[in-house]
Amino acid sequence: MATSTSCTGSTLLQPISQIIDLPLDQVNFVVCQLFALVTAFWFRLYLHPSKTSPFIRHVVATLLGFYLALFCFGWYALHFLVQSGLAYGVMIFTGVEHMHKYCFVVTLGYLSFCQVTRAYVFDYGMYSADFTGPMMVITQKITSLAFEIHDGLMKREEHLKPSQKYLAVRKMPSLLEYLSYNCNFMGILAGPTCSYNDYIAFIEGRWYEPKHLESNGKENGKFKQSDPSPKRDVIQKVCTCALALMVYLVIYTICPTDRVIDDTFMASNPFYIQVLYLYISMLALRPKYYFVWTLADAINNAAGFGFNGYNADGTPKWDRISNLRILNIEFATSFKMFLDNWNIQTALWLKRVCYERCPYNPTAATFLLSAIWHGVYPGYYLTFITGIVVTMAARAVRHNVRQHFLGSATLKLIYDVITWFSTQMAICYTVVPFVLLAVGPSLKFYSSWYCCIHLICLLLVLVLPVKSRRTKQQEQPSSIHASEQNCLSSPDNNCSQKQKAT
(Lines give C-alpha, C1' and ligand atoms only; values in the text may rest on other atoms or scores of the structure.)
Protein backbone atom coordinates (compact mmCIF):
# COMPACT_ATOMS: atom_id res chain seq x y z
CA MET A 1 0.00 0.00 0.00
CA ALA A 2 1.54 3.25 -1.13
CA THR A 3 1.02 6.06 1.35
CA SER A 4 1.73 9.75 1.23
CA THR A 5 2.10 12.43 3.85
CA SER A 6 -1.23 14.01 2.92
CA CYS A 7 -4.63 13.31 4.39
CA THR A 8 -5.52 11.12 1.42
CA GLY A 9 -3.54 8.06 2.46
CA SER A 10 -2.84 5.58 -0.33
CA THR A 11 -1.92 6.84 -3.81
CA LEU A 12 -2.67 3.48 -5.41
CA LEU A 13 -5.85 4.83 -7.00
CA GLN A 14 -4.26 8.05 -8.29
CA PRO A 15 -4.69 7.03 -11.97
CA ILE A 16 -8.42 6.44 -11.46
CA SER A 17 -8.70 9.80 -9.68
CA GLN A 18 -7.11 11.53 -12.67
CA ILE A 19 -9.27 9.73 -15.22
CA ILE A 20 -12.60 10.59 -13.57
CA ASP A 21 -11.34 14.01 -12.37
CA LEU A 22 -12.26 13.59 -8.70
CA PRO A 23 -10.07 14.22 -5.63
CA LEU A 24 -8.04 11.21 -4.56
CA ASP A 25 -9.42 11.24 -1.02
CA GLN A 26 -12.98 10.90 -2.34
CA VAL A 27 -11.98 8.08 -4.71
CA ASN A 28 -10.24 6.25 -1.84
CA PHE A 29 -13.31 6.67 0.35
CA VAL A 30 -15.78 5.32 -2.21
CA VAL A 31 -13.56 2.38 -3.20
CA CYS A 32 -13.00 1.47 0.46
CA GLN A 33 -16.71 1.57 1.16
CA LEU A 34 -17.42 -0.66 -1.84
CA PHE A 35 -14.72 -3.04 -0.62
CA ALA A 36 -16.34 -2.99 2.83
CA LEU A 37 -19.71 -3.81 1.23
CA VAL A 38 -18.31 -6.93 -0.44
CA THR A 39 -16.38 -7.87 2.70
CA ALA A 40 -19.55 -7.51 4.77
CA PHE A 41 -21.27 -10.29 2.83
CA TRP A 42 -18.24 -12.51 3.41
CA PHE A 43 -18.23 -11.59 7.10
CA ARG A 44 -21.90 -12.55 7.49
CA LEU A 45 -21.61 -15.85 5.58
CA TYR A 46 -18.19 -17.18 6.56
CA LEU A 47 -17.69 -15.67 10.01
CA HIS A 48 -21.23 -16.25 11.16
CA PRO A 49 -21.62 -16.55 14.97
CA SER A 50 -22.60 -20.20 14.51
CA LYS A 51 -19.26 -20.88 12.76
CA THR A 52 -16.76 -18.85 14.73
CA SER A 53 -16.24 -17.24 18.12
CA PRO A 54 -16.97 -13.61 19.08
CA PHE A 55 -13.21 -13.20 19.61
CA ILE A 56 -12.46 -13.97 15.96
CA ARG A 57 -15.29 -11.73 14.76
CA HIS A 58 -13.99 -8.87 16.91
CA VAL A 59 -10.40 -9.33 15.69
CA VAL A 60 -11.30 -9.52 12.00
CA ALA A 61 -13.73 -6.59 12.14
CA THR A 62 -11.13 -4.45 13.94
CA LEU A 63 -8.16 -5.30 11.70
CA LEU A 64 -10.18 -4.70 8.55
CA GLY A 65 -11.29 -1.37 9.98
CA PHE A 66 -7.70 -0.29 10.66
CA TYR A 67 -6.66 -1.31 7.15
CA LEU A 68 -9.42 0.77 5.54
CA ALA A 69 -8.51 3.72 7.77
CA LEU A 70 -4.84 3.52 6.76
CA PHE A 71 -5.72 3.19 3.09
CA CYS A 72 -7.97 6.27 3.19
CA PHE A 73 -6.06 8.55 5.54
CA GLY A 74 -2.51 7.27 5.79
CA TRP A 75 -0.82 7.60 9.15
CA TYR A 76 -3.35 10.23 10.23
CA ALA A 77 -5.51 7.22 11.01
CA LEU A 78 -3.38 6.82 14.15
CA HIS A 79 -5.47 9.64 15.60
CA PHE A 80 -8.30 7.11 15.83
CA LEU A 81 -6.18 4.94 18.11
CA VAL A 82 -4.89 7.87 20.14
CA GLN A 83 -8.38 9.23 20.72
CA SER A 84 -9.76 5.79 21.61
CA GLY A 85 -6.75 5.01 23.83
CA LEU A 86 -7.00 8.25 25.79
CA ALA A 87 -10.70 7.70 26.43
CA TYR A 88 -10.19 4.05 27.44
CA GLY A 89 -7.49 5.15 29.88
CA VAL A 90 -9.94 7.60 31.40
CA MET A 91 -12.55 4.84 31.72
CA ILE A 92 -10.11 2.47 33.43
CA PHE A 93 -8.24 4.83 35.75
CA THR A 94 -10.93 7.26 36.88
CA GLY A 95 -13.89 6.55 39.08
CA VAL A 96 -17.14 5.46 37.48
CA GLU A 97 -18.95 8.33 39.18
CA HIS A 98 -17.31 11.01 37.01
CA MET A 99 -15.84 8.90 34.21
CA HIS A 100 -18.51 9.91 31.68
CA LYS A 101 -17.79 13.61 32.18
CA TYR A 102 -14.02 13.20 31.83
CA CYS A 103 -14.45 11.02 28.74
CA PHE A 104 -16.76 13.58 27.20
CA VAL A 105 -14.30 16.45 27.73
CA VAL A 106 -11.18 14.49 26.66
CA THR A 107 -12.76 12.94 23.57
CA LEU A 108 -14.49 16.08 22.33
CA GLY A 109 -11.38 18.12 23.15
CA TYR A 110 -9.11 15.83 21.13
CA LEU A 111 -11.56 15.94 18.22
CA SER A 112 -11.60 19.73 18.34
CA PHE A 113 -7.80 19.84 18.42
CA CYS A 114 -7.62 17.69 15.29
CA GLN A 115 -10.30 19.78 13.58
CA VAL A 116 -8.38 22.99 14.31
CA THR A 117 -5.14 21.59 12.89
CA ARG A 118 -6.90 20.11 9.88
CA ALA A 119 -8.73 23.34 9.06
CA TYR A 120 -6.01 25.91 9.77
CA VAL A 121 -2.81 23.91 9.18
CA PHE A 122 -3.62 21.53 6.34
CA ASP A 123 -6.16 23.22 4.10
CA TYR A 124 -8.80 25.75 5.13
CA GLY A 125 -12.08 25.02 3.42
CA MET A 126 -11.13 21.45 2.45
CA TYR A 127 -14.71 20.23 2.12
CA SER A 128 -14.13 16.57 1.33
CA ALA A 129 -13.17 13.31 2.96
CA ASP A 130 -10.66 13.85 5.79
CA PHE A 131 -9.49 12.02 8.89
CA THR A 132 -11.64 14.06 11.29
CA GLY A 133 -14.82 12.64 9.71
CA PRO A 134 -14.38 9.15 11.21
CA MET A 135 -13.22 10.77 14.44
CA MET A 136 -16.60 12.47 14.72
CA VAL A 137 -18.31 9.07 14.68
CA ILE A 138 -15.77 7.61 17.12
CA THR A 139 -16.44 10.57 19.42
CA GLN A 140 -20.12 9.70 19.41
CA LYS A 141 -19.39 6.07 20.22
CA ILE A 142 -16.91 6.80 23.02
CA THR A 143 -19.09 9.37 24.76
CA SER A 144 -22.24 7.27 24.36
CA LEU A 145 -20.48 4.26 25.85
CA ALA A 146 -19.14 6.31 28.76
CA PHE A 147 -22.64 7.51 29.66
CA GLU A 148 -24.05 4.00 29.20
CA ILE A 149 -21.40 2.52 31.54
CA HIS A 150 -22.12 5.26 34.08
CA ASP A 151 -25.85 4.51 33.89
CA GLY A 152 -25.27 0.76 34.19
CA LEU A 153 -22.80 0.81 37.09
CA MET A 154 -23.75 3.90 39.08
CA LYS A 155 -27.47 4.54 38.81
CA ARG A 156 -30.36 2.58 40.24
CA GLU A 157 -32.91 1.12 37.86
CA GLU A 158 -35.69 3.41 39.08
CA HIS A 159 -33.58 6.49 38.30
CA LEU A 160 -33.11 5.57 34.63
CA LYS A 161 -35.39 6.43 31.76
CA PRO A 162 -36.74 3.38 29.88
CA SER A 163 -34.39 3.98 26.95
CA GLN A 164 -31.45 4.37 29.36
CA LYS A 165 -32.27 1.01 30.95
CA TYR A 166 -32.08 -0.65 27.55
CA LEU A 167 -28.77 1.05 26.69
CA ALA A 168 -27.08 0.71 30.10
CA VAL A 169 -23.83 -1.28 30.06
CA ARG A 170 -23.41 -3.48 33.13
CA LYS A 171 -19.70 -4.29 32.85
CA MET A 172 -16.57 -2.59 31.56
CA PRO A 173 -15.77 -3.71 27.99
CA SER A 174 -12.47 -5.38 27.25
CA LEU A 175 -9.94 -3.50 25.12
CA LEU A 176 -10.73 -5.70 22.11
CA GLU A 177 -14.49 -5.19 22.45
CA TYR A 178 -13.93 -1.46 22.84
CA LEU A 179 -11.70 -1.15 19.76
CA SER A 180 -14.01 -3.36 17.71
CA TYR A 181 -16.98 -1.18 18.62
CA ASN A 182 -15.12 2.02 17.72
CA CYS A 183 -13.13 0.94 14.66
CA ASN A 184 -14.85 -2.01 12.96
CA PHE A 185 -14.72 -2.05 9.16
CA MET A 186 -18.49 -1.61 8.84
CA GLY A 187 -18.53 1.83 10.44
CA ILE A 188 -14.95 3.14 10.60
CA LEU A 189 -15.30 5.48 7.61
CA ALA A 190 -18.89 6.78 7.79
CA GLY A 191 -20.66 5.20 10.75
CA PRO A 192 -23.45 5.11 11.58
CA THR A 193 -23.26 5.27 15.35
CA CYS A 194 -24.96 2.41 17.18
CA SER A 195 -25.34 1.47 20.82
CA TYR A 196 -22.66 -0.70 22.40
CA ASN A 197 -25.19 -3.30 23.56
CA ASP A 198 -26.60 -3.66 20.04
CA TYR A 199 -23.13 -4.08 18.55
CA ILE A 200 -22.05 -6.72 21.08
CA ALA A 201 -25.33 -8.60 20.56
CA PHE A 202 -24.60 -8.58 16.81
CA ILE A 203 -21.05 -9.88 17.24
CA GLU A 204 -22.14 -12.60 19.66
CA GLY A 205 -25.06 -13.71 17.49
CA ARG A 206 -27.80 -12.58 19.90
CA TRP A 207 -29.01 -9.83 17.58
CA TYR A 208 -31.98 -11.69 16.08
CA GLU A 209 -33.31 -13.41 19.17
CA PRO A 210 -35.58 -10.68 20.65
CA LYS A 211 -36.93 -9.82 17.22
CA HIS A 212 -38.27 -13.34 16.65
CA LEU A 213 -40.42 -13.45 19.75
CA GLU A 214 -44.03 -12.42 19.99
CA SER A 215 -45.19 -10.18 22.81
CA ASN A 216 -46.27 -13.24 24.84
CA GLY A 217 -42.70 -14.55 24.76
CA LYS A 218 -43.36 -17.41 22.36
CA GLU A 219 -41.48 -17.82 19.12
CA ASN A 220 -43.41 -16.61 16.11
CA GLY A 221 -43.75 -19.62 13.84
CA LYS A 222 -44.48 -17.56 10.74
CA PHE A 223 -41.05 -15.92 10.96
CA LYS A 224 -39.11 -18.72 12.59
CA GLN A 225 -36.01 -18.39 10.41
CA SER A 226 -32.99 -17.53 12.51
CA ASP A 227 -31.24 -15.22 10.05
CA PRO A 228 -33.43 -13.15 7.72
CA SER A 229 -31.62 -12.16 4.55
CA PRO A 230 -30.66 -8.50 4.06
CA LYS A 231 -30.13 -9.00 0.30
CA ARG A 232 -33.26 -7.17 -0.84
CA ASP A 233 -32.65 -4.15 1.40
CA VAL A 234 -28.97 -3.98 0.47
CA ILE A 235 -29.81 -3.98 -3.25
CA GLN A 236 -32.41 -1.25 -2.74
CA LYS A 237 -29.96 0.88 -0.78
CA VAL A 238 -27.17 0.43 -3.31
CA CYS A 239 -29.57 1.51 -6.08
CA THR A 240 -30.53 4.54 -3.97
CA CYS A 241 -26.83 5.36 -3.63
CA ALA A 242 -26.31 5.20 -7.38
CA LEU A 243 -29.28 7.50 -8.03
CA ALA A 244 -28.21 9.94 -5.31
CA LEU A 245 -24.66 10.11 -6.65
CA MET A 246 -25.89 10.75 -10.18
CA VAL A 247 -28.21 13.55 -9.06
CA TYR A 248 -25.45 15.18 -7.04
CA LEU A 249 -22.80 14.99 -9.77
CA VAL A 250 -25.14 16.26 -12.49
CA ILE A 251 -27.33 18.89 -10.82
CA TYR A 252 -25.06 20.29 -8.12
CA THR A 253 -22.33 20.87 -10.68
CA ILE A 254 -24.76 23.11 -12.54
CA CYS A 255 -26.24 24.75 -9.42
CA PRO A 256 -23.51 25.19 -6.77
CA THR A 257 -24.58 26.84 -3.53
CA ASP A 258 -21.88 29.51 -3.53
CA ARG A 259 -23.56 31.18 -6.50
CA VAL A 260 -26.20 32.59 -4.13
CA ILE A 261 -23.65 35.22 -3.02
CA ASP A 262 -22.33 35.99 -6.50
CA ASP A 263 -22.81 39.71 -7.17
CA THR A 264 -23.65 39.20 -10.83
CA PHE A 265 -26.21 36.51 -10.01
CA MET A 266 -27.90 38.64 -7.35
CA ALA A 267 -27.95 41.74 -9.55
CA SER A 268 -29.34 40.01 -12.63
CA ASN A 269 -32.09 37.92 -11.04
CA PRO A 270 -35.23 38.93 -9.11
CA PHE A 271 -35.61 37.74 -5.56
CA TYR A 272 -38.05 34.92 -6.35
CA ILE A 273 -35.53 33.44 -8.80
CA GLN A 274 -32.88 33.58 -6.08
CA VAL A 275 -35.24 31.75 -3.73
CA LEU A 276 -35.95 29.07 -6.34
CA TYR A 277 -32.24 28.69 -7.11
CA LEU A 278 -31.38 28.31 -3.42
CA TYR A 279 -33.94 25.52 -3.05
CA ILE A 280 -32.68 23.68 -6.15
CA SER A 281 -29.03 23.95 -5.09
CA MET A 282 -29.76 22.60 -1.62
CA LEU A 283 -31.99 19.89 -3.10
CA ALA A 284 -29.03 18.85 -5.27
CA LEU A 285 -26.53 19.03 -2.38
CA ARG A 286 -28.38 16.64 -0.06
CA PRO A 287 -27.88 13.53 -2.28
CA LYS A 288 -24.18 13.64 -1.40
CA TYR A 289 -25.14 12.83 2.18
CA TYR A 290 -27.79 10.38 1.02
CA PHE A 291 -25.08 8.50 -0.87
CA VAL A 292 -22.62 8.34 2.03
CA TRP A 293 -25.12 7.39 4.74
CA THR A 294 -27.17 4.95 2.68
CA LEU A 295 -24.03 3.11 1.54
CA ALA A 296 -22.85 2.91 5.15
CA ASP A 297 -26.23 1.51 6.13
CA ALA A 298 -26.05 -1.07 3.33
CA ILE A 299 -22.59 -2.20 4.52
CA ASN A 300 -23.86 -2.86 8.04
CA ASN A 301 -26.94 -4.66 6.71
CA ALA A 302 -24.81 -6.83 4.41
CA ALA A 303 -22.84 -7.93 7.49
CA GLY A 304 -26.10 -8.84 9.23
CA PHE A 305 -26.30 -5.76 11.45
CA GLY A 306 -29.36 -3.52 11.57
CA PHE A 307 -32.22 -6.03 11.65
CA ASN A 308 -35.25 -4.46 13.33
CA GLY A 309 -38.02 -7.04 13.26
CA TYR A 310 -40.64 -7.56 10.57
CA ASN A 311 -43.10 -5.48 8.60
CA ALA A 312 -46.80 -6.31 8.65
CA ASP A 313 -46.41 -8.35 5.45
CA GLY A 314 -43.70 -10.53 6.97
CA THR A 315 -40.72 -8.95 5.22
CA PRO A 316 -37.72 -8.16 7.44
CA LYS A 317 -36.90 -4.57 8.38
CA TRP A 318 -33.26 -3.47 8.23
CA ASP A 319 -33.52 0.09 9.54
CA ARG A 320 -32.31 -0.27 13.12
CA ILE A 321 -29.25 1.93 12.56
CA SER A 322 -30.37 3.81 9.46
CA ASN A 323 -29.21 7.41 9.38
CA LEU A 324 -31.92 9.03 7.28
CA ARG A 325 -35.40 8.69 5.79
CA ILE A 326 -35.23 10.44 2.43
CA LEU A 327 -38.93 10.89 1.69
CA ASN A 328 -39.60 12.20 5.19
CA ILE A 329 -36.80 14.72 4.68
CA GLU A 330 -37.94 15.98 1.30
CA PHE A 331 -41.60 16.22 2.35
CA ALA A 332 -41.02 17.42 5.91
CA THR A 333 -43.73 19.80 7.12
CA SER A 334 -41.85 21.00 10.19
CA PHE A 335 -38.29 21.84 11.16
CA LYS A 336 -38.42 19.10 13.79
CA MET A 337 -39.61 16.50 11.29
CA PHE A 338 -36.68 17.37 9.02
CA LEU A 339 -34.16 17.08 11.86
CA ASP A 340 -35.72 13.84 13.16
CA ASN A 341 -35.14 12.17 9.79
CA TRP A 342 -31.76 13.72 8.92
CA ASN A 343 -28.61 12.16 10.41
CA ILE A 344 -30.80 10.13 12.75
CA GLN A 345 -28.08 8.45 14.77
CA THR A 346 -26.36 11.76 15.46
CA ALA A 347 -29.68 13.21 16.58
CA LEU A 348 -30.09 10.26 18.94
CA TRP A 349 -26.58 10.78 20.29
CA LEU A 350 -27.28 14.46 20.94
CA LYS A 351 -30.54 13.53 22.63
CA ARG A 352 -28.99 10.89 24.87
CA VAL A 353 -25.83 12.67 25.99
CA CYS A 354 -27.11 16.26 26.05
CA TYR A 355 -30.81 16.96 25.60
CA GLU A 356 -32.04 14.41 28.16
CA ARG A 357 -29.34 15.30 30.70
CA CYS A 358 -28.88 19.05 30.43
CA PRO A 359 -30.72 20.83 33.28
CA TYR A 360 -30.77 24.26 31.64
CA ASN A 361 -32.12 25.11 28.18
CA PRO A 362 -31.44 21.71 26.62
CA THR A 363 -32.43 22.88 23.12
CA ALA A 364 -29.74 25.57 22.99
CA ALA A 365 -27.17 23.27 24.62
CA THR A 366 -27.88 20.55 22.07
CA PHE A 367 -27.43 22.89 19.10
CA LEU A 368 -24.20 24.24 20.63
CA LEU A 369 -22.82 20.73 21.14
CA SER A 370 -23.72 19.88 17.56
CA ALA A 371 -21.81 22.92 16.31
CA ILE A 372 -18.71 22.06 18.39
CA TRP A 373 -18.86 18.44 17.23
CA HIS A 374 -19.09 19.42 13.55
CA GLY A 375 -15.93 21.51 13.64
CA VAL A 376 -14.35 24.92 13.96
CA TYR A 377 -15.63 26.71 10.86
CA PRO A 378 -17.67 29.80 11.83
CA GLY A 379 -20.37 28.81 9.34
CA TYR A 380 -21.26 25.82 11.51
CA TYR A 381 -21.95 28.07 14.49
CA LEU A 382 -24.01 30.50 12.41
CA THR A 383 -26.09 27.57 11.16
CA PHE A 384 -26.77 26.08 14.57
CA ILE A 385 -27.44 29.41 16.26
CA THR A 386 -29.96 30.13 13.52
CA GLY A 387 -31.32 26.62 14.05
CA ILE A 388 -32.12 27.42 17.68
CA VAL A 389 -34.29 30.38 16.69
CA VAL A 390 -35.99 28.51 13.84
CA THR A 391 -36.72 25.52 16.08
CA MET A 392 -38.31 27.71 18.76
CA ALA A 393 -40.39 29.54 16.16
CA ALA A 394 -41.55 26.30 14.51
CA ARG A 395 -42.53 24.93 17.92
CA ALA A 396 -44.48 28.07 18.71
CA VAL A 397 -46.37 27.98 15.39
CA ARG A 398 -47.24 24.32 15.76
CA HIS A 399 -48.54 24.73 19.32
CA ASN A 400 -50.65 27.80 18.54
CA VAL A 401 -51.77 27.40 14.93
CA ARG A 402 -51.92 23.76 13.88
CA GLN A 403 -55.10 22.86 15.78
CA HIS A 404 -57.06 25.43 13.78
CA PHE A 405 -56.39 23.51 10.54
CA LEU A 406 -57.45 20.06 11.70
CA GLY A 407 -61.18 20.55 11.16
CA SER A 408 -61.22 19.24 7.59
CA ALA A 409 -59.01 17.46 5.08
CA THR A 410 -58.85 20.58 2.91
CA LEU A 411 -57.64 22.80 5.73
CA LYS A 412 -55.12 20.15 6.77
CA LEU A 413 -53.81 19.98 3.19
CA ILE A 414 -53.45 23.76 3.06
CA TYR A 415 -51.59 23.71 6.36
CA ASP A 416 -49.28 20.93 5.16
CA VAL A 417 -48.46 22.74 1.90
CA ILE A 418 -47.70 26.01 3.70
CA THR A 419 -45.59 24.34 6.38
CA TRP A 420 -43.74 22.24 3.79
CA PHE A 421 -42.76 25.35 1.84
CA SER A 422 -41.86 27.21 5.04
CA THR A 423 -39.78 24.28 6.30
CA GLN A 424 -37.84 23.90 3.07
CA MET A 425 -37.08 27.61 2.90
CA ALA A 426 -36.08 27.69 6.56
CA ILE A 427 -33.75 24.71 6.10
CA CYS A 428 -32.13 26.17 2.98
CA TYR A 429 -31.70 29.56 4.65
CA THR A 430 -30.30 28.03 7.83
CA VAL A 431 -27.69 25.73 6.30
CA VAL A 432 -26.14 28.11 3.75
CA PRO A 433 -23.37 29.09 6.24
CA PHE A 434 -22.76 25.37 6.83
CA VAL A 435 -21.83 25.11 3.14
CA LEU A 436 -20.03 28.45 2.77
CA LEU A 437 -18.05 27.90 6.03
CA ALA A 438 -16.63 31.44 6.43
CA VAL A 439 -18.20 34.42 8.22
CA GLY A 440 -17.96 36.94 5.39
CA PRO A 441 -19.81 34.95 2.69
CA SER A 442 -22.40 33.74 5.22
CA LEU A 443 -23.23 37.25 6.44
CA LYS A 444 -23.29 38.44 2.84
CA PHE A 445 -25.98 35.85 2.08
CA TYR A 446 -28.05 36.69 5.16
CA SER A 447 -27.83 40.41 4.44
CA SER A 448 -28.95 39.84 0.84
CA TRP A 449 -32.10 38.32 2.32
CA TYR A 450 -32.30 41.18 4.89
CA CYS A 451 -32.12 38.52 7.64
CA CYS A 452 -35.83 38.10 7.01
CA ILE A 453 -36.19 34.57 8.41
CA HIS A 454 -34.23 35.53 11.54
CA LEU A 455 -36.58 38.45 12.11
CA ILE A 456 -39.74 36.46 11.39
CA CYS A 457 -38.70 33.68 13.75
CA LEU A 458 -37.79 36.09 16.55
CA LEU A 459 -41.17 37.81 16.16
CA LEU A 460 -43.02 34.48 16.31
CA VAL A 461 -41.12 33.43 19.43
CA LEU A 462 -41.96 36.72 21.16
CA VAL A 463 -45.62 36.77 20.13
CA LEU A 464 -46.72 33.13 20.38
CA PRO A 465 -46.57 31.50 23.84
CA VAL A 466 -45.25 27.95 24.26
CA LYS A 467 -45.43 25.89 27.43
CA SER A 468 -42.16 24.56 28.73
CA ARG A 469 -41.42 20.87 28.59
CA ARG A 470 -41.51 20.60 32.38
CA THR A 471 -44.94 22.25 32.58
CA LYS A 472 -46.38 19.89 30.00
CA GLN A 473 -44.96 16.89 31.86
CA GLN A 474 -46.58 18.06 35.09
CA GLU A 475 -49.94 18.46 33.33
CA GLN A 476 -49.81 15.07 31.57
CA PRO A 477 -47.80 12.72 33.77
CA SER A 478 -49.85 9.62 33.01
CA SER A 479 -49.70 9.90 29.23
CA ILE A 480 -45.97 10.59 29.26
CA HIS A 481 -45.35 7.65 31.60
CA ALA A 482 -47.33 5.34 29.29
CA SER A 483 -45.38 6.60 26.29
CA GLU A 484 -42.07 5.93 28.04
CA GLN A 485 -43.16 2.41 28.91
CA ASN A 486 -43.88 1.72 25.24
CA CYS A 487 -40.34 2.85 24.42
CA LEU A 488 -38.63 0.31 26.64
CA SER A 489 -38.24 -2.29 23.95
CA SER A 490 -37.32 0.14 21.16
CA PRO A 491 -35.56 3.31 22.36
CA ASP A 492 -35.18 4.84 18.93
CA ASN A 493 -36.02 8.16 17.37
CA ASN A 494 -39.62 7.20 16.66
CA CYS A 495 -40.03 6.73 20.37
CA SER A 496 -38.79 10.26 20.97
CA GLN A 497 -41.34 11.56 18.49
CA LYS A 498 -44.17 9.74 20.28
CA GLN A 499 -43.15 11.15 23.65
CA LYS A 500 -43.01 14.71 22.34
CA ALA A 501 -46.34 14.27 20.59
CA THR A 502 -47.97 13.63 23.96
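Trainee: How many salt bridges does a search of the whole structure find?

Mentor: The search finds 13 salt bridges, a salt bridge being a side-chain nitrogen of Lys or Arg within 4 Å of a carboxyl oxygen of Asp or Glu. This is a predicted model, in which local features need pLDDT of at least 70 and side-chain atom pairs count only at pLDDT 80 or more, while totals for chains, interfaces and linings use all residues. Residues are numbered from 1 along each chain as its sequence is written, and side-chain values use heavy atoms, with hydrogens and water left out.

Trainee: Why is the contact between D151 and K155 called a salt bridge?

Mentor: The N to O distance between their side chains is 3.6 Å, and because the limit is within 4 Å, the pair qualifies. D151 and K155 are also linked with R357 in a network of salt bridges.

Trainee: What makes D151 buried and K155 partly exposed?

Mentor: Buried means under 20% relative accessible area, exposed over 50%, and partly exposed in between (1.4 Å probe, protein chains only). D151 has 2%, so it is buried, whereas K155, at 31%, falls in between and therefore counts as partly exposed.
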